[in-house]
Amino acid sequence: MNEKINLRSQRKNEHVRHALDQPSQTAMSDFENIRFVHQSIPSVDMEDIDLSTRIGPFEVSRPLYINAMTGGSEWTREINRKLAEVAQATGLPMAVGSMHAALKHPELSNSFTIVRDRHPDGIVFANVGADVSLEGAKRAVEMLRADALQIHINAPQELIMPEGDRNFKSWRANIENIVEHAGVPVIVKEVGFGMSSETLQILKDIGVKHADVSGRGGTNFASIENIRREKADMAYMSDWGLSTPISLLEAQPFLEDMDILASGGIKTPLDAMKCLALGAKAIGMSRLMLEQVEHHGIEAAIEHVEQFHHQMCKISIMINAQNIEEISSRPIVLSPEIISWQRQRSLD
Ligand code: FNR
C-alpha cells in the first residue's frame, strides 16, 4: 500500500476512534432547552401511531436513517458492513462516509461497496465533499448504485485541519452544477456545525431540495481535529456552530420548499421527537449507531433501533399526535436562551 493511501486510511480510523472516545456533548445540544407539553387524555392508541415519512422521493416507514460516517480502511469496511446489516434488518436508509478516498484510490472502494452488498434493496446514500467534480459525484453514485447523493459541507473542519482545504468560493457553483446534473436527489449536509437561515437561503437559491442541518451537540469535528494533533491550535473552537434545535428554528422559513432533515447529537427518542416537532422530515444518527455496532454488536444495534422507534411512538401518544404532521403542529415551549436567539435573529 502506498504512503498516501496509508495516510488516508489512518485518518479515517482516527476519526472513528476519536468519535467513539469523545465525551458526551449533551450540554451543547440544546435539546433540554425545548420542552413538549404533556397531554393527559390522549385520543390515540399505540396501534394508531404511524411515523412513516418521506426523505426526498423515498417513502420510509420510520423517520430515521444511519448518517454518513466512514469507509476507506480495513476497520471502517468492517464498520460499514455492520451498519449495513443493521440498516437491512431495520429498513433504515444508510449513508456511507466521504467517498473521495475510493475515487482517488479504487482499491479502497470495497470498504464502501460492502454497504450495497449487505443492504441490497435498501436506500443507500453516497457521500462526497462540496469540491468534488461532477464526474466524481456521478462515479460515487454509480459505485454504490446509490439512491441519493449527500454532499457534505465542512468548512470549520477543513480550516482547523492544517492540511485541510482553504478554497471555498467554488462550493456554491459546484453544488448547483451537481444538483442539476447528478441524476439522483442531492442532500446537502453539515457535519455537526449546524445550518443558518443564510446557508439554507443559498441552498434554496441554487436548487437544493433536501438539507440535513446536522447541528452541534453530538460528534464534534472541531474537537476531533484538534485532538488528532500534538499542538491543538484551535482548541477554543469546540463550541462553534449552531445546535440542531437552533438550526431547525433557522430552517422554519424553508420547511415549505425544502425537505429539512435533522442530525447532530440525537441520543434519545425524545431528542428525535423534538426534531420532528420542529419540522424535520427525518432524523439521522451517526455516533449513536457507531457506538451500538462497535460496543454492543449487530443484534443489539438492531434491537436499539427497534426500541428507539417504539419509544418515539409512545412519546407521540404523550403529546397526543398520531403522525409526523401532527407532531410538527404540537406545542413546544422554548427556554429564554432559545427565545433570545430567535428574537435577535428575527425568527419569531
Ligand atoms: C462523520 N460525519 C461525516 N459526514 C459526512 O458527510 N461525511 C463523512 O465522511 C463523515 N465522517 C464522519 C466520521 C465519523 C466517525 C463520524 C462520527 C461522523 C458526520 C456525521 O454524518 C454527522 O453529521 C455528525 O456526526 C453529527 O451527528 P452525530 O454523530 O452527532 O449523530
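**Reading a strand and a ligand shell**

Author: Start with Ile 187, which lies in strand S8 (residues 186–189). Helices (H or I, at least four residues) and strands (E, at least two) are DSSP runs, numbered from the N terminus. Residues are numbered from 1 along each chain as its sequence is written. This is a predicted model: local features need pLDDT of at least 70, side-chain atom pairs count only at pLDDT 80 or more, and totals for chains, interfaces and linings use all residues.

Reader: Is Ile 187 buried or exposed?

Author: Count C-beta atoms, placed from the backbone: 20 or more others within 10 Å means buried, 12 or fewer exposed, in between partly exposed. Ile 187 is buried because 25 other C-beta atoms lie within 10 Å.

Reader: Which way do the side chains of S8 point?

Author: In a regular strand, side chains alternate between the two faces of the sheet. Here Val 186 and Val 188 point one way from S8, Ile 187 and Lys 189 the other way, and all are buried.

Reader: What does Ile 187 touch?

Author: Contact means C-beta atoms, placed from the backbone, within 7 Å. Leaving out residues up to four places away in sequence, Ile 187 touches Phe 125, Ala 148, Gln 150, His 210, Asp 212 and Leu 261.

Reader: Which strands pair with S8?

Author: Two strands pair if DSSP finds at least two bridges between them. S7 and S8 run parallel, joined by 4 bridges. Ile 187 is the bridge partner of Gln 150. S8 also runs parallel to strand S9 (residues 210–212), with 3 bridges. There, Val 188 has Ala 211 as its bridge partner.

Reader: What unit do S8 and S9 make with helix H8?

Author: View the strands pointing away from you; a crossover is right-handed if the path from the first strand over the helix to the second runs clockwise. S8, helix H8 (residues 197–205) and S9 make a right-handed β-α-β unit.

Reader: Now the ligand. How many residues surround it?

Author: A residue is near if its C-beta atom, placed from the backbone, lies within 6 Å. The shell has 27 residues, and the closest are His 152, Gly 218, Thr 219, Ser 286 and Arg 287. Helix H1 (3–21), strand S7 (148–152) and helix H12 (287–296) each supply at least two.

Reader: Where is Lys 12, and is it buried or exposed?

Author: Lys 12 is in helix H1. Lys 12 is buried, with 25 other C-beta atoms within 10 Å.

Note on methods
Two residues are in contact if their C-beta atoms, placed from the backbone, lie within 7 Å.
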